[in-house]
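Reader: I'd like to learn how to read a pocket and the ligand in it. Can you walk me through?

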Amino acid sequence: MTTTGSPALDARAIRAEFPMFVAPRPDGRPLHYLDSAATSQKPQVVLDAMNAYYRETNANVHRGVYEMAAEATDRFEFGRTAAARLINHPREALVLTKNATEAINLVAWAWGARELREGDEIVVTEMEHHSNIVPWQIVASMTGAKVLFAPVTPQGEVELDALRALIGPCTRMVAAVHVSNVLGTINPVREIVEMAHQAGALTMIDATQSVPHMPVDATSIGSDFLVFTGHKMLGPTGIGALAASPERLNAMEPFLGGGEMISDVTTEGSTWAEIPWKFEAGTPPIAEAVGLGAAVEYLEALGMDRVREHERATAELMINALGEVPGLTILGPTDPDRRGAAVSFTLDAVHPHDIAQFLDSKGVCVRAGHHCAKPLMRVLGTQSTTRASAHVYTTDEDILALQGALIECRSWFGA
Amino acid sequence: MGGLDDLYQQLILDHYRNRRGRGRIENASASVHEHNPVCGDECFLDILVEDNRIVEIRADGDGCSISQAAASMLTEVVADKDLNEALEIVEHFRRMMHGDAEPDEDLLGDAIALEGVAKYPVRVKCALLSWLALRDAIASYRETTAHGG
Ligand SMILES: Cc1ncc(COP(=O)(O)O)c(C=O)c1O
């Protein structure tokens, strides 16, 4: 149990700050939104900040001499500063991208495609989202490197001894997810980074599901690369981040070329801008960066410790409530101290598609499918699962509605 | 809950609970394996063809109620049909699923109950999985017989 001393989050009060939860649905159905691991809802302050940017200071960033352009640049760069502060990372080493996927691809191409050689090894875990597998497979097939998978136990934890054994002299990169989007498992990323560094390998931590829900200190994790995505942390779509060590970024060649990322361009060749702009070609997602900054301020005002405590308590409630549903099996760790509030389960032989469809008729939104983690599905011995996931606005009623709908669902499909 | 009853008509639940034509055919004239990228569900479809007719058809693999019921209905509807007729039925079903055709019960049999699925784009893929597998199976049968003599 973590005790923070400060009062718990009031999810009901928080809901009042999210337009999605304030307006009734046209057909009168309630909205029990339990798909925040796919994308979170957005508070009014985020929408307002983006709206205000377009209404008050819309101009392209970094080049304009006039005051409004300078103001646009300030608001854009504020998004970066806020995101970097949230994870305790130097702002000049935080590259803004389109999403987490693009951030991983940036590293795969700007580092991997240039540095990897035949016989080199990239170690990932079986728990990864496809976005932390496929970019490595692509650069591996170009360079002759190999992608190795560290096994995950049937209980949904990375086998650390097996991971240690896989990391060897040929390992150039170890890529691991911080919190699993399928199982909620919290991985010991500091230990994994240390393991990799001892073997002289670099590290990529996919913090997409941790940054929105718990304090994440990128400096103390010490990974060479760490990524996250705006739309899962109460911010808009179209913005994500790569937090990298400044030395790495300085040593790397650019990913995409174009405007904004250059220092000089001649017919003979070009030189690059300083980091982080060297990795931000073209007009960036300005309004989205502004929205991300507002989302970070919103989370900071709630307090990430309290956000985590709400997450932990919600995970506990969810696991207890789901445990009472006949025929239901929870996948992944059941100790709420060791997991986030993304909970995957199966319900007898009822197919996840049918479960999700039935739940929708009760106003309960959950995800059904392979959750972009097919290697993990194979480990779990299934094609697909149903997943319920929470955020700061998730209430006890949401969980009880889920529980009730699942019990009804089972008899409807005659399981 | 109106929407749910529209989608999951009794006939669908009945085919789901009592699958017809399930399993594999040992000496199949053509076999195909399809999967639904959305959920990973798989379908194995075997046909036995004699004199250009489907004399036996079986579908196997796990999936949601819609995909299971659709496979079950398919095996009934196209049994003993001429290959061209079967393709015509599949095409009609495909167009119904995309909202491009008034469903014709004479062609579709029980599968007309799946009409409501057209409103749920993600589930359309579930319903179509086995039906498109049949289309591929017939194509593959024709290719091998063309090449084989
Ligand atoms: C663990 C994990 N990594 C990466 C991603 C990819 O995020 P995005 O689609 O925003 O790039 C997701 C989102 O589904 C995720 O859950």
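Author: A molecule sits in a pocket if more than half of its atoms lie within 2 Å of its grid points. Here, the ligand sits in the largest pocket. This is a predicted model, where local features need pLDDT of at least 70 and side-chain atom pairs count only at pLDDT 80 or more, while totals for chains, interfaces and linings use all residues. Side-chain values use heavy atoms, without hydrogens and water; residues are numbered from 1 along each chain, and chains are lettered from A.

Reader: How much space lies in the largest pocket?

Author: Rolling a probe the size of a water molecule over the atoms shows where empty space is left. A volume is the space filled by probe spheres set on the points, which are joined across faces, edges and corners. For the largest pocket that gives about 850 Å³. Of its 37 lining residues, A:D35, A:A38, A:R367, A:A368 and A:R387 are closest to the centre.

Reader: And which polar side-chain atoms lie by the ligand's nitrogen and oxygen atoms?

Author: Look for polar contacts, pairs of N or O atoms within 3.5 Å. A:D206 has a polar side-chain atom 2.5 Å from a ligand nitrogen, and A:T229 has one 2.7 Å from a ligand oxygen. At A:A100, a backbone N or O atom lies 3.2 Å from an oxygen of the ligand.

Notes
A polar contact is a pair of N or O atoms within 3.5 Å; within protein, one must be able to donate a hydrogen and the other to accept it, and residues adjacent in sequence count only if both atoms are side-chain atoms. On a 1 Å grid over the protein atoms alone, a cavity is a set of points where a 1.4 Å probe fits but cannot get out, and a pocket is an open set with protein on both sides within 12 Å along at least five of seven lines; lining residues have an atom within 4 Å of a point.
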